[in-house]
Amino acid sequence: MLNEGLSARSPKPKAKMNRLYPLLLLVAAAMFAYAPFMILAAPYESTMGLIQKIFYFHAPVAMTMFVSAFVCGIASAIFLFGGRLGADRVAMAAAELTSILGLIVLVTGPMWARKAWGVWWQWDARLTSTLVLWLIFQAYLLLRRFGGPGSDRLAAGVALFGMANVPFVYWSVNVWRTVHPTTTVVPSLQPGMRGPFWYCFLAFVLLYVSVLGVRTRLEKRRAELEALYLAVEE
Amino acid sequence: MRFVETVWLVTRKDLLIEARSKEILYTTLFFAVSCVLVFAFGFVREGRPLGDAAAGILWIAIAFSGTLALGRAFERERQSETLRALMMSPIDRPALYVGKLCGVLILLAAVELIVVPLVGLMFQAPLFAHPVLMIGLLLTGTVGFAAVGTLFAAMLVRARSRDVLLPVLLYPITIPVIIAGVRGTAALLQAEVDEPMARAWLSMLVFFDVVFVTLALWTFEPVMTE
């Protein structure tokens, strides 16, 4: 523990990366400040009207969430089979972010659905797999929080299984309920809508990367502090 | 050959302990039967069960009693640290996992032997009209559920609040098994039997089993190493 804490002092290139995160955050913040103007300028969707504007935040957050889930799964695999502690910290940060992004998706989605479909919730493949993925990451965080010592390895196993589970959930719900009205939205977007959509996606990805970096660094500092406490007690 | 031998030894050990106490079998069986009864009060109106109730009740009963059996099976290993002893013995970890899985599967099969006819009887469901497909669904569904469950229950032996964490982790991951089991069974129970649909769900379950048993064999060693 002590050795890990001492040897984990940031080497030079890492320090440079760390200085990059505030910059990324600033860029993301500036992009978010400008995003409403781009969304306002985008053409009106003919049937849904104003409510369709929520799409510019809803879909990019959902895409970022799936990216985040895969980051967590892959980092967990690296931790489990390679034994790299850094990967575990990335996995934990990614899991927390997946949970927050998932919450945003699950709040904005029903708001849109209420106006567009007339119901808050539909048991279609995309909605259900998002909900299940979110539940798996809640379980992951619960395990890490209440599982006691050694739960990091167990949580890594859960993340790996959770990632492998996504295609199965998607397929099974798709066969169970094939009533999705919008199957392929993103490729069929109107030209005027495409710009703001990808702009928002980029903004969310930038925000995601910077928060992930900061959160991972925080977790590392916490581990170092714990190692130092242990060293003092000894 | 050594692999099969180890699997058999671990399974035989579990079955022997169970045969002497019969604790898990009796409690799980009683729990499954009470589950079916409780659902019967919720889903039977004026003497007739609602639409697809039988298929859903059957699989929920299997999932709930499976969770109970898994928790008890590994609680037994924890009490006198016998799981640690097993882990210290010079045997293949995957063989240990498969051995435990077989033990759980045999236990669940015994429970299903009672619960399936019971559901058929109470909900007037023709569960044995297509025995091959039905047994296939039950077998693959149980294997899928137990494959994930055995791994999670084994790794939770070391964790705190393991009793509540097992269902919390297990149910979201086994949702595809539940959907496939319920929809496949429902396809066999409806007025016009939809055999191609049941077969599609069966193949989905086989695919799920292959992927998750492989993953479990692969992750069992790193997860269980302290």
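Predicted model: local features only at pLDDT ≥ 70, side-chain atom pairs only at ≥ 80, totals over all residues.

Among the contacts in chain A with a separation of 6 or more, 79% are between residues 24 or more positions apart. The accessible surface of this chain is about 12100 Å², with 69% of that belonging to carbon and sulfur atoms.

I turn now to the interface. On chain B, 33 residues are in contact with 29 residues of chain A. The size of an interface is often given as the accessible area lost when the parts come together. For chain B and chain A, the buried area is about 2700 Å², and 82% of it lies on carbon and sulfur atoms. Four helices of chain B each supply at least two residues of the side that touches chain A: helix 6 (131–156), helix 7 (162–173), helix 8 (175–189) and helix 9 (195–224). Of these, helix 9 of chain B gives the most, with 14 residues. By residue class, the side of chain B that touches chain A comprises 27 nonpolar, three polar and three charged residues.

What, then, of polar and charged pairs across this interface? Five residue pairs are in polar contact between chain B and chain A, and the rule finds zero salt bridges there.

Over all chains, however, the count is 17 salt bridges. One of them joins D14(B) and K100(B), at 2.9 Å from N to O. D14(B) belongs to helix 1 (residues 2–21) of chain B and K100(B) to helix 5 (residues 93–122) of chain B, so this pair ties together parts 86 residues apart in sequence. Are these two residues buried or exposed? Both D14(B) and K100(B) are buried.

A second example lies in chain A, where E226(A) and R222(A) form a salt bridge with the closest N and O atoms 2.9 Å apart. Why are these two separated by about one helical turn? They are so placed because they stand four residues apart in helix 7 (residues 191–233) of chain A. E226(A) is partly exposed at 38% relative accessible area, and R222(A) is partly exposed at 41%.

Finally, salt bridges with shared partners join E96(A), R215(A), E219(A), R222(A) and E226(A) into one network. Thank you.

How values were computed: Residues numbered from 1 in each chain as written. Chains lettered and ligands numbered in written order. Heavy atoms only, no water. Contact = heavy atoms within 4.5 Å. Buried area = accessible area lost by both parts, 1.4 Å probe. Salt bridge = Lys/Arg side-chain N within 4 Å of Asp/Glu carboxyl O. Polar contact = N/O pair within 3.5 Å; in protein donor to acceptor, adjacent residues only side chain to side chain. Nonpolar A, V, L, I, M, F, W, Y, C, P; charged D, E, K, R; others polar. Areas by Shrake-Rupley, 256 points an atom, 1.4 Å probe, with all protein chains shown as cover. Buried < 20%, exposed > 50% of the residue type's maximum accessible area, 1.4 Å probe, protein only.
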